[in-house]
Amino acid sequence: MKVFGISGSPRLQGTHFAVNYALEYLKEKGVEVRYFSVSRKTINFCIHCDYCVKKKEGCIYKDDMEEVYENLIWADGVIIGTPVYQGNVSGQLKTLMDRCRAILAKNPKVLKDKIGMGIAIGGDRNGGQEIALRTIHDFYIINEMIPVGGGSFGANLGATFWSKDKGKKGIEEDEEGLRVLRKTLNRFYEVLKNR
């Protein structure tokens, strides 16, 4: 089983820590993992030029998205983490998602039936974490992936954290967030194993 983790944060703080915590948790179960952070990466905006649709050779831009494309194709499962910006995913993550049109234009079924889960981190307790998770799940559904939440009683849509704007320290101190992350990871692993 191969899992690709993506941090949609421009900082190497809470989201970086949470996604890597998830990957380490799965690694202990024998899963092969890879990681990508948008931090300090060049990811140009999709400009809807239709190069990818017309040429079927990928994106017109040759930037750090090449690594994302390669790993999305490689993976059986994907974990996307995001900080909450203005009640939703970060702009960097939204740009990454938009740019995935290029690999779908080349092969519309390239992500079909891969398993996906989300992690959302807000500085406020109710800062938009569930909305951000829904955006991540929408990305999975649009690309024919299978989104997984953690189930009833605490992890319905996936893992949510309240960082209290303390970055990595806030995530480490959020015991409920870590419990919900493990609950979601257990469900994710179970679905991945049985796919």
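**Overall build**

I counted eight helices and six strands in the protein chain, where helices (H or I, at least four residues) and strands (E, at least two) are DSSP runs numbered from the N terminus. Read along the sequence, I noted the pattern β-α-β-α-α-β-α-α-β-α-β-β-α-α.

I kept in mind that this is a predicted model, in which local features need pLDDT of at least 70 and side-chain atom pairs count only at pLDDT 80 or more, while totals for chains, interfaces and linings use all residues. Residues are numbered from 1 along each chain as its sequence is written, and side-chain values use heavy atoms, with hydrogens and water left out.

**Burial and contacts**

I found that 50% of the 195 residues of the protein chain count as buried, meaning under 20% relative accessible area with a 1.4 Å probe, protein chains only. Among the contacts with a separation of 6 or more, 76% join residues 24 or more positions apart, a contact being heavy atoms within 4.5 Å.

I then turned to T82, which lies in strand 3 (residues 77-83). Is T82 buried or exposed? T82 counts as buried because its relative accessibility is 0%. Its side chain reaches the backbone nitrogen of S90 at 3.1 Å. Leaving aside neighbours within four places in sequence, I listed the residues in contact with T82, and they are T15, V89, S90, L93, I119, A120, I121, A132 and I136.

Terms used:
A polar contact is a pair of N or O atoms within 3.5 Å; within protein, one must be able to donate a hydrogen and the other to accept it, and residues adjacent in sequence count only if both atoms are side-chain atoms.
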